[in-house]
Amino acid sequence: MTKLKLKAVLLPYNLNTLSMRKFLLFSTGLLICGSIFAGGLVTNNNQSALFTRMQNRNASTSIDAVYYNPAGLTKLGDGIFFSVSNQTISQTRTVTNNYTFLTDSPKEYIGKVSAPLFPGIYAVYNTGKFSFSAGFNPVGGGGGAKYDEGLPSFEMGISELKPLLSSMGLITTLYSADIFFEGKSVYFGYQANAAYQINEIISVSAGVRYVSAKNTYNGSIANIMINPYHPLANPTSAMVSAPAFFTTIGQSSYAVLTANKEVDVEETGSGIAPIFSVNVAPMENLNVAVKYEFATKLEMTTNVINGKDAGGMFVDNNKYRADMPAMLTFGAEYKPIDKLTLAGSFDIYFDKDLNTAAINPNTIDKNFLEYGFGAEYGLTEKLRVSAGWMATATSVNTNYQSDQTYSTNTNSFGAGFGYRINDKIDINVGGQYTFYSDDTKQLVRLTPITETHAKKTMILGIGADFYFGK
């Protein structure tokens, strides 16, 4: 589940403009319903503990191939297989903003993202040349974000009360507000596949994934306080309620615009995407896989509860598109010796073709790319160690970047081990650390602004695979 944050925006203080429009707006970004882990702009690709410790699973012939390479499941042999894993994910986001009117400018905002539960569940039944499989994953979203001091986009709008009041001849040096916003967003994927081994070299698979998406928003902007000097309304320059002050000096429109606002909204939608894959093993020690997932067409429907629409930001029964992109993956595994497995991968997320109201198409220049290399070595018959690297090249331009949602190129490194308890049970444990390129963006509100975005992610994964026999 995802905790999103509120974006509070105060329009420029031109009096005619301000009186014609809303003073504060609620806005929500794809803080985590997009990918913050491995994968594309809105897709999670870290879907097993094996991925965490090796980073490259596109040519997998283990049980996590339910997600990565369904056609490769025929290599498991006859029987029933089951896998369950969980990843615990934490991320730190740091936004620095030097807007003139902020208190303590430049100011640093620290966000903590947490996803203690990020499950992957797989089941496979193989008989003869056929393989039937099913999987469950959070294919988008997951996690919760908390900014103890908000974000620049919350605070900048409220800080502009100072120049607004100064333009009226009312000197103001301080401001405050209670800003609360909690959102949850998760896209659960339910996948089923059927694979067939054409011969010893080629296997093919066809499948489908049903995605169930749900976003919920609860929050408020309340108790906006200011300290303007006014000889009658506030002669001591004390902190006073902004709506009450504006009412006292006869500015009723500003009183309405600075009044408390609430939001209680739920958005739901679902979609289906076909999945096709081919696995080719031209020689005993080489395996090559290709998979194509079609775009998932998601239409979200808005339900406003008890009229709490954030001052008109949300419209009851509004429908909008929030598609997940198509993706094409390539992978290869090669065993130069029995104890050593080398793996490589390359993914294309077709973000350029996204149909979504949540992301402006003018912010996407190209398709999102992901590529990497990993290796596993068997120390003993039971114990295997592995490590891997995965890099991404983001699809977006600077217009996409904001304090709520930003995407930059990454390098991830993972390592861990697998231990075979017996012929029926295999354990995998891994850890991953992701480095992000910093982003710097120039903004202009009432004055020029420089804002930097940085983040880092850590993942710990553990899973168990079971073989129940034929």
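Predicted model: local features only at pLDDT ≥ 70, side-chain atom pairs only at ≥ 80, totals over all residues.
Which residue in strand 8 is the bridge partner of G140? I began my notebook with this pairing and found that the partner of G140 in strand 8 is Y187.

**Entry 1: confidence**

**Entry 2: the whole chain**

I then looked up the overall make-up, and the protein chain has seven helices and 22 strands. Its C-alpha atoms fill a box of roughly 90 × 40 × 35 Å, taken along the principal axes. Of the 470 residues, 53% count as buried, and the chain exposes about 19500 Å², of which carbon and sulfur atoms supply 59%. Among the contacts with a separation of 6 or more, residues 24 or more positions apart account for 69%. For charge, I noted 36 positive and 37 negative side chains, and the centres of the two sets lie 1 Å apart.

Strand 6 (residues 130-141) is mostly covered, since nine of its twelve residues are buried. Strand 6 also runs antiparallel to strand 8, to which eleven bridges join it, and the G140 pairing with Y187 that opened my notes belongs here.

From strand 8 (residues 175-197) I moved on to strand 9 (residues 202-226), and these two run antiparallel with 22 bridges joining them. One of the pairs I looked up is Y190 with Y210 in strand 9, and a hairpin of four residues joins the two strands.

Strand 9 in turn pairs with strand 11 (residues 261-283) in the antiparallel sense over 20 bridges, and there R209 has A273 as its bridge partner. Strand 9 is also joined by two bridges to strand 10 (residues 240-241), again antiparallel, with M225 standing opposite S241.

**Entry 3: a covered helix**

Is helix 4 mostly covered or mostly uncovered? I found that helix 4 (residues 152-159) is mostly covered, as eight of its eight residues are buried. Its buried residues include F154, M156 and I158, and also E155.

Last, I looked up N285, whose place is in the loop between strand 11 and strand 12 (286-293). Why does N285 count as partly exposed? Its relative accessibility is 25%, so N285 belongs to the partly exposed residues, given that buried means under 20% and exposed over 50%.

Leaving out residues up to four places away in sequence, N285 touches E333, Y334 and K335. The C-alpha atoms of N285 and I337 are separated by 8.4 Å, while the two residues are 52 residues apart along the chain.

Notes. Residues numbered from 1 in each chain as written. Heavy atoms only, no water. Buried < 20%, exposed > 50% of the residue type's maximum accessible area, 1.4 Å probe, protein only. Contact = heavy atoms within 4.5 Å. Areas by Shrake-Rupley, 256 points an atom, 1.4 Å probe, with all protein chains shown as cover. Lys, Arg positive; Asp, Glu negative; His and termini not counted. Charge placed at Lys NZ, Arg CZ, Asp CG, Glu CD. Pairing = 2+ DSSP bridges.
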